[in-house]
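Here's a quick briefing for anyone meeting this structure for the first time. Take a look at it, then read on.

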Amino acid sequence: MFCLLKHEGRLKKIPVSSGLVVAIFGYADRPVAVAQSTMSVDQNSVTPFDDAHARVRALDPFCKQIVGTGLRRSATFAGLVDDLEHHNVIVYLSLDQSLPVRAALTFLVNTGQTTYVHVHIGPRLSLEQATAAMAHELRHALEIAGASPPVTNQHELQDLYRSIGFGVGAGEFESLAARTTEHQVRQELSISRRGE
Ligand SMILES: [Zn+2]
């Protein structure tokens, strides 16, 4: 597995161990069932974030804070999360202290019903920088989730980005939509800050 979408200057592939994928799927099946049963049993026992956004799953407090910030202060970010909720996709979000770039998205697998992707956020970002970078990656998640035919492997992922994006290196791609999204969110966060 390789990260195909990374950001900050030159994009690079980095290896992702199969252990990561296994770990992710060990985590994957449980929250779905928990979220569904919790919603029907006791609405008061979960936060609105956990309740309403089952497909976008922050795995650590910083990513949870990013999502909360984005939902509260950026209509574009909130729209992305809402759109993802209407696709058969699970998006894991985690802080990666060893990530050499700002953010990255890893395609994990398509099970035939659901696409799994993992957004990694690098260290040393302010909350606003991380929120804008997250929005960029969520746009990629939406691009992958909405692909027709569905993306089922790395080759098809590259084919998708040859179609909707552009190459920025060997096997490395970008999309204008993701860059535009990040710019919009950065602007909305700036406006929101001035209004507080
Ligand atoms: Zn990108």
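Which residues does Ile144 touch, not counting residues up to four places away in sequence? They are Phe107, Thr115, Val117, Val151, Leu157 and Leu160, where touching means C-beta atoms, placed from the backbone, within 7 Å.

This is a predicted model: local features need pLDDT of at least 70, side-chain atom pairs count only at pLDDT 80 or more, and totals for chains, interfaces and linings use all residues. Residues are numbered from 1 along each chain as its sequence is written.

**The overall layout**
- The protein has 7 helices and 7 strands, taken as DSSP runs (helices H or I, at least four residues; strands E, at least two) and numbered from the N terminus.
- From the N terminus on, the order is β-α-α-β-α-α-β-β-β-α-α-β-β-α.
- Of the contacts between residues at least 6 apart in sequence, 70% join residues at least 24 apart.
- Buried residues make up 36% of the 196 residues (buried is 20 or more other C-beta atoms within 10 Å of a residue's own, exposed is 12 or fewer, partly exposed is in between, with C-beta atoms placed from the backbone).

**The core**
- The largest nonpolar core has 40 residues; such a core is a set of buried Ala, Val, Leu, Ile, Met, Phe, Trp, Tyr and Cys residues joined through C-beta atoms within 7 Å.
- Helix 5 gives the most to this core, with 10 residues.
- Ile144 is back here too, among the residues with the most contacts inside the core, which also include Leu84, Val91 and Met134.

**Helix 4**
- Thr76, Phe77, Leu80, Val81 and Leu84 are the buried residues of helix 4 (residues 75–85).
- They sit on the same side of helix 4 because they cover an arc of only 140° around the axis, going by the directions from the helix axis to the C-beta atoms.
- An α-helix has 3.6 residues a turn, so residues three or four places apart point the same way.
- The buried residues of helix 4 pack against strand 2 (56–58), helix 3 (61–73), strand 3 (89–95), helix 5 and helix 7.

**Two loop details**
- Ser148 and Pro149 are joined by a cis peptide bond, with omega about 0°.
- Pro149 lies in the loop between helix 5 and helix 6 (154–164).
- Arg124, in the loop between strand 5 (115–121) and helix 5, has a positive phi of about 70° although it is not a glycine.
- Arg124 counts as exposed because it has 9 C-beta neighbours inside 10 Å.

Conventions
Contact = placed C-beta atoms within 7 Å.
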